[in-house]
Amino acid sequence: MINKLYNKLENYYEEMVSIRRFLHQHPELSFQEKNTALFIQDYYKKLGIEVKGNVGGNGVVAKIYGKKPGKTVALRADFDALPIQDEKDVPYKSLVPGVMHACGHDGHTATLLVLAKALNEMKEDLEGNYVLIHQHAEEYAPGGAKTMIEDGCLEDVDVIFGTHLWASEPTGTIQYRTGPIMAAADRFEINIQGKGGHGAQPHKTIDAIVIASQLVLNLQQIVSRKVNPVESAVVTIGSFTAENAFNVIADKAKLIGTVRTFNEDVQQFIENEIERIIHGTCYMTNSTYQFSYERGYPAVVNHQLETEFLISCARAVTEVQNIEETEPQMGGEDFAFYLQKVPGTFFFTGAKPTYAETTYPHHHPKFDIDEKAMLIAAKTLGTAAIRTHSI
């Protein structure tokens, strides 16, 4: 049966590429993916597959029922894009100004759609049921996973699998990890209120830019001097805003940043320490502040049995040339919420482009993938889905 699935996927590979390129040309931002959701629904309807839209927002869930009894397996793909201008010189370049698929979600969607098509044609031989979760808004917290779960996408699901096309690793590579594989991703914002004035009279002001600059440096000491070195943590300031004329001392400054952790105790400590440092710095400079801290996605923690099973499935795929345990990644993923509800695993499928001399990272204006990686992802996920009933 596995060979039958592989043959179908290979025959539908060009369709997979076509879908991916269409989606790449028509990206939609998180929570705005109306047309993409309709495209997914229409694809399933044409195949006669049961499908439901507006699941937890713009989410889409399709179901395939095997003719034999067995477990219910869920496979997940996300489909939102990013607010980035596409700078690639390719025929399928984004047609939407300032928006592009810079993380491979178009490839995830194409992979799952064609895999579902193949599985549906084999349903007479399949055991159990298959839930195809097409998730909106992975890129922007609070994300789409949580609301889709609340809306019932995991109802009766026994196990879930998901993959991310990983452009930093060669095509043919599968990376896995038992336990934490991706970090909790939080967001914070600091607004400093000083006292503005003339650029030639700093002694009559409370310079918000200087205060915010001190904070940027002081906050970097949390990880380097306060967190146990054996723990992984990141505190990053991603935005510093204090726009004024050249001869004006700013009365306001805004810092926006992110915290990445795996350990909940470390996460709480860093949140407390950030505010303690802000309070002390502002007290010392006679300024005031507003501080907000938003818990984002929790850490993605893979289950051992399902991860070991996934490795055995990957070995069955001829195109998989390298299976390796990866270091934990500090990037965040709301696949974490699914794994808090049901057993499963999340893995990386190498998708490093070969057509260009330079490989651009995820979220880069020239980001791209090797589309052959979609076929590998489909075969690996499909193998896991069909063989899950043997766990």
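Modeller: Touching means contact, that is, heavy atoms within 4.5 Å. By type, the residues of this α8–α10 contact are five nonpolar, three polar and one charged. Here Ala, Val, Leu, Ile, Met, Phe, Trp, Tyr, Cys and Pro count as nonpolar, Asp, Glu, Lys and Arg as charged, and the others, Gly among them, as polar.

Before going on: this is a predicted model, where local features need pLDDT of at least 70 and side-chain atom pairs count only at pLDDT 80 or more, while totals for chains, interfaces and linings use all residues. Residues are numbered from 1 along each chain as its sequence is written, and side-chain values use heavy atoms, with hydrogens and water left out.

The names come from DSSP runs numbered from the N terminus: helices are H or I with at least four residues, strands E with at least two. Helix α8 covers residues 304-314 and α10 covers 372-387; they pack at about 120 degrees, with axes 9 Å apart. Axes are lines fitted to C-alpha atoms, for helices over the stretch in contact, and angles run from 0 to 180 degrees between N-to-C directions. That angle makes α8 oblique to α10, since under 35 degrees is roughly parallel, over 145 roughly antiparallel, 65 to 115 roughly perpendicular, and the rest oblique.

Now for a sheet. Four strands form an open one in the order β10-β12-β8-β13, with antiparallel pairing. Strands pair if DSSP finds at least two bridges between them. At the edges stand β10 (233-241) and β13 (288-297), each with a single partner strand, so one side of each has no neighbour in the sheet. On average, neighbouring strands are turned by 20 degrees against each other, direction ignored.

Zooming in, β8 (residues 184-193) and β12 (residues 252-261) pair in the antiparallel sense over 10 bridges. Asn 191 has Lys 254 in β12 as its bridge partner. Helix α6 (residues 208-225) packs on the sheet, touching β8, β10 and β12, and its direction makes about 170 degrees with that of β10. Helix α7 (residues 264-285) packs there too, touching β8, β10, β12 and β13.
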